[in-house]
Amino acid sequence: MYTEPTTFSAEQYFATQLPPPALQHDVESVREFVARQQKEGRAVVLVTSGGTTVPLELNVVRFLDNFSAGTRGATSAEYFLKAGYAVIFMHRQFSLQPFSRHYSHSTNPFLDFLDIDSPESQGATPRISVTPNKREDLLQVLTVYKEVHARGTLHTLTFVTVNDYLWLLRAVSQEMSVLKRRAMFYLAAAVSDFFLPRQKMASYLVSSFASEHKIQSGKGSLHIEMDQVPKILKPLVDEWTPGGFIVSFKLETDQNLLLPKARQAIERYGHQVVIGNELHRRKFEVVFVSKKPLPALPPGIEQTDEAILQAVDPTNSFSEYWLRIDVPEHPAPGFLVKEIEEDIVDELVKRHAEWIANTP
């Protein structure tokens with residue numbers, strides 16, 4: 001059965017799609033966390049991280065996914081904590097997390113850091129210790145991890161589906177609105193562009209089987225008409241958290257599209273910064289795109305006249321700042337490779353402070 005694609009506004013989306021079961025619990029925990037950080041005078045950053053799934057069935061067996069492991073979000077969260085921010089880390093379940101990311105199951109397995117010592121006496125239980133050449137690295141990470149948890153400056157939330165993500169983003173943004181200019185939003189999650197609404201999923205027939213149940217194989221080709229995820233970045237700015245410092249990301253595979261798409265996003269959503277990155281260069285090169293502040297106008301020139309002048313050369317209204325790091329093509333064993341997220345966060349912390357200071 002073919003159904004026409006639907007265009008959802010943010011308001012229509014939240015009126016028709018069910019919230020995740022744990023939403024109210026998550027909201028209460030965020031409210032408490034934000035109140036504590038506000039009392040202690042800390043700025044708070046929401047870091048979103050990892051990819052979202054798109055379920056194809058009500059009783060989910062199959063879904064669409066993307067490749068994001070959450071590396072940028074988890075890494076950036078550590079540097080925000082180091083810079084003195086409190087962090088709400090909203091991440092895809094089982095994606096990388098701050099601190100534990102150093103011991104990924106695939107690239108740096110934690111069990112490789114452990115030794116089994118011989119028992120002190122016959123029949124005694126063997127002791128577990130840290131491999132000597134791994135102790136210094138583990139001690140550094142563990143020390144910072146313990147300090148962060150002692151200060152209570154890291155709060156984690158999880159999502160799986162794009163629906164989970166949208167409901168959480170709105171709820172957390174609304175709770176952070178009390179922070180006003182001291183709230184930053186670092187939207188690094190890879191959010192799906194399309195989804196299958198519940199209404200369509202419940203009535204959709206795929207090869208004669210309703211999508212309430214597992215889609216059956218061997219029934220011919222699979223055709224699913226999906227709808228576009230609503231544009232929620234605009235209401236984030238205008239309604240959910242007016243006054244927040246909002247940073248979003250634009251990933252492209254075509255370098256020539258990077259700046260035009262980032263400028264377009266700035267114009268459309270009104271964010272303070274869009275960070276553009278090309279897929280294969282994202283680990284060592286990004287570009288910060290923002291709007292130039294309008295200069296003071298001479299007497300007799302109205303703001304509309306300035307807009308006309310910029311319309312002649314619209315690119316003149318944008319500021320681009322390229323950030324690059326040197327990464328050796330074949331680093332020697334033990335070589336500590338610099339993480340570009342350290343410089344990204346340093347630049348954003350500086351810009352956030354200037355933005356707060358210059359805002360009436």
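Here are a few friendly notes on the packing in this predicted model.

1. A word on conventions: residues are numbered from 1 along each chain as its sequence is written, and side-chain values use heavy atoms, without hydrogens or water. Because the model is predicted, local features need pLDDT of at least 70 and side-chain atom pairs count only at pLDDT 80 or more, while totals for chains, interfaces and linings use all residues.

2. I88 and M176 touch the most other members of its 42 residues. Elements giving two or more residues to this core include helix 2 (23–39), strand 4 (86–92) and strand 7 (154–159); helices (H or I, at least four residues) and strands (E, at least two) are DSSP runs numbered from the N terminus. Helix 5 supplies the largest share, 9 residues.

3. A second, separate core has 35 residues, among them Y85, V247, V273 and W355.

4. Do look at I88: leaving aside neighbours within four places in sequence, its contacts (heavy atoms within 4.5 Å) include V30, F33, H155, V172 and M176.

5. H155 sits in strand 7 and counts as buried because its relative accessibility is 17%; buried means under 20% relative accessible area, exposed over 50%, and partly exposed in between (1.4 Å probe, protein chains only). Beyond the neighbours within four places in sequence, H155 is in contact with S29, V30, F33, V87, I88 and F89.

6. Finally, helix 7 (residues 233–240) has P235, L236, V237 and W240 as its buried residues. Their cover includes helix 1 (10–16), helix 5 (162–176) and strand 13 (245–252).

Technical notes: A nonpolar core is a set of buried Ala, Val, Leu, Ile, Met, Phe, Trp, Tyr and Cys residues joined through side-chain atoms within 4.5 Å.
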